[in-house]
Amino acid sequence: MSDITSSSFVRQDLLGERPAPVKTTGFIGLMRTRLFNSPTNILLTIVGALLLWFTIIPSLRFLMIDAVWTGKDRTACLAENAGFAVGACWPYIQAKLPQLIYGFYPEAERWRVNLTLVLSVVLLVPLLIPRLPSKGLNAGLFFFAFPVVAFFLLHGGGIKGFGLSWTADLLQLFDDSIIGAGQALLSLGKTSSAAPLLWVVGNVIVLVGTAIYWLIFPLTWLRDQLQGTGQSVWADFAITTAIVSLIAFVLGGGLRTGGRALTSSIATFVAIATVIKLMGLDHGGLPIVQTNLWGGLLVTLVVSVTGIVTSLPIGIALALGRRSTIPLIRIFSIAFIEFWRGVPLITVLFFATYMLPLFLPGNFTVDGLVRALIGISLFTGAYQAENVRGGLAAIPRGQGEAAAALGLSWWKTTSLIVLPQALRHVIPNLVNSFISLFKDTSLVSIVALFDLLGSLRASFSDPKWSSPSTAFTGFAFAGIIYFIFCFGMSRYSLFVEHRLNAHRRN
Amino acid sequence: MSIEARKPPPQIALKIRRVLGGKTGWNGIAVQFAFAAVLGWIAYEIVSNARANLENQHIAAGFGFLANNAGFDVNQTLISYTGSDTFLRVFLVGLLNTLVVSVVGIVFATVIGFIVALCRLSPNWLLARVGEIYVEIIRNLPLLFQILFWYLAVLAALPNPRQSISLLGIAFVSNRGLVIPRPIGESGFEAFLAVLALGIVASLALRIHARQALFQRGQMIRIWPYVLGLLFGLPLITMLVAGLPFSFELPQLKGFNFAGGSRIIPEFVALTLALSTYTAAFIAEIVRAGILSVHSGQMEAGSSLGLSRGTTLRLVVVPQAMRVIVPPLTNQYLNLTKNSSLAVAIGYPDLVSVFAGTSLSQTGQAIEIIAMTMGVYLLISLITSAVMSVYGWRVSRSLGA
């Protein structure tokens, strides 16, 4: 048996050590492979470095090294007093900070703004972390309870009645308008050529209105009785609680399964009662701060959060309407969406500011901020509708068909099967829309609302702080705030997208 | 004996139900009636309230105000306009100003956007980061913020006309705007134009001929030297023969301002800068996504067929990328046009600023003016989307789908 080592094709001695392969990782490797690997690349690297050198270094010098950090007025930020070419004038920001955050919100009441901000963060952060439980309760609190509480915190004021009175008021308003329309037709019928037709239609409308009047009469009677008592809010509250809980109990399945609906309804009302008691809403509430005193970051956040909260339901409704097979609803949704998407936001705001008041009854004035909010909600709602529609289109037909085969109604199929999946699909798109909404809130400064940008622009005209670097400092500060919010949201949307695509990665 | 096939039962009722009420049938029709009633009620409320409010404010509804004298000046007009012209003329002036700033913005945005996209796609690490920083910063700041930044901070910080910054001695930048030389037609202008038009037509004909030769006989014709000669050589010769087609009137500093040349107002400069840099960031992302969407195997297949890198890019990669790029790109152009309405914040006389702003406050005809302004933008976007759906149809047809 021959020894294997003696065969001629087996090497007898060790090979010499080869040099280590060229490093392609780490900083050196990066330089070798992606910065200096060819003459063109070296040239491009030099160009890039020059670009950075002439942008980053001057910005850093402006913001930090050449900046003035303390001072009482503009004299501190003038080159002849400071002794060097002055960069950012930070004392100006320090002096204007309250105005940039609160606007002209009274100083004694600013704790309310701070409390609202804390509340929103406390509710929003758990909602954004996917691992935390009870998303439903959390979302309910953020999207329904928080806006109401925030309104009474920021604006102040109390309530005079509760659910029952409000429903009665609303129905009565609606009924009055119907009867008014019928009578207008009747009076038109006296002069018009189509008199008999108008007479018939007018009488029918008046008849319907009268029927509704008698239908809601118990409600209005009860309201008038309640207004007579001293404790109208609490009496109204008790009756509303009883009625709503009873309805929830019956709809929830009566004695067999209605217990759960009953408990959650009563728990909700207990929570509402606590809030009413805590904020003293039943006897006037907090002192009222008119919205024309609001300003700065407060208005920016109020407009964007309201836009986010209201545009989503509008968007879902429009998206479902656009996919509906009922012709009139589909046509209306398409026309509505395409109209708002086809016009610039600024004309929408002009519309809300100048045209909307003309469309409302003369004795009915709407606050300037609310008008802008209505415009922004409709505008963003149309964009959200297209996002949601994308998600609905991505759900396979089989999902809806399976649900229908199980005997679920259209409402149950949509709300339990299709929408949850569709919305989860389009979270990144929704967040991207929120980013553009947040950026677009700056446009309200054109219709005389002082958001962050509007307050900043107003502060430029203060002669106490006018210096060559004031404008640049102001823009640097506002830019950093806007960037933090938008960049944060876009990173979050990337994070969610990554999570949603987890099953596609390999 | 044969059994006649039975005719299907007439389904007229079903068909009518489908057309009128969708899948839900009679329920759908009932829903529609309720919906129409609600819409009619809202429309009635709006009309009656508007009528009552207008009566209270003593405003006559209708478009009669368009023939009235405007009585205010506009600081940039493309067509002749004086304060004694009508509101209709103001509308046209504003519309033209909107279109001008949009077109200029679109050109610059496309150029900057493609450059930034190339930077982001570059194999050079540093340049890719520079492009990324640009996109992230620009996209995460509101457009209005950027417009105001250019207008209130950068342009306001420029020196006055006496110390203006000279660009090669022919154009001057100051806080009063940009002054550029103005071309003035000379004697050789007509001949020059005619020759230029001839050159363009001849080049196009040459290109068609070369393509035919390539596709029908497989014969490659190199046409670029001829095209170069036709487009540049021929006009140059004409210029030598017939004299200069136009000369430039250079701006001269006289007293506190410039005489001669044409002045571009600072509002236009600020708006164009902000619109083009802002939209460029979005265009860069669209172009990058489009080029990345072409599978890398396409490039490899091209090179395995023996095509050079440039030819593969030109003939294989770019046409496929364009299919992905063009629809969102048009969308961005539309966005830029709509965003040009932010001009109102800095007083550039665009449609919203002079018509929905100044004219509205002078006449109080809110409904007519805002409806007209919205109508213009709506018309532009509807036309664009109609053109894009034709484009989409053609692309899907050419793909054989």
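Two residues are in contact if their C-beta atoms, placed from the backbone, lie within 7 Å. The model is predicted, and local features need pLDDT of at least 70, side-chain atom pairs count only at pLDDT 80 or more, and totals for chains, interfaces and linings use all residues. Residues are numbered from 1 along each chain as its sequence is written, while chains are lettered from A and ligands numbered from 1 in the order in which they are written.

In chain B, helix α3 (residues 87-121) meets α11 (351-363); helices here are DSSP runs of H or I, at least four residues, numbered from the N terminus. From α3(B), the residues in contact include B:Phe87, B:Val90 and B:Phe91, and from α11(B) they include B:Leu351, B:Val354 and B:Phe355. The axes of the two helices come within 7 Å and cross at roughly 150 degrees (lines fitted to C-alpha atoms over the stretch in contact, with angles from 0 to 180 degrees between N-to-C directions). Therefore α3(B) is roughly antiparallel to α11(B), a term for angles over 145 degrees. By class, this contact has eight nonpolar, four polar and no charged residues, where Ala, Val, Leu, Ile, Met, Phe, Trp, Tyr, Cys and Pro count as nonpolar, Asp, Glu, Lys and Arg as charged, and the others, Gly among them, as polar.

Between the chains, 58 residues of chain B are in contact with 52 residues of chain A. Helix α2(B) gives the most to the chain B side, with 16 residues. That side has 38 nonpolar, 16 polar and four charged residues.

Definitions and conventions
Parallel < 35°, antiparallel > 145°, perpendicular 65-115°, else oblique.
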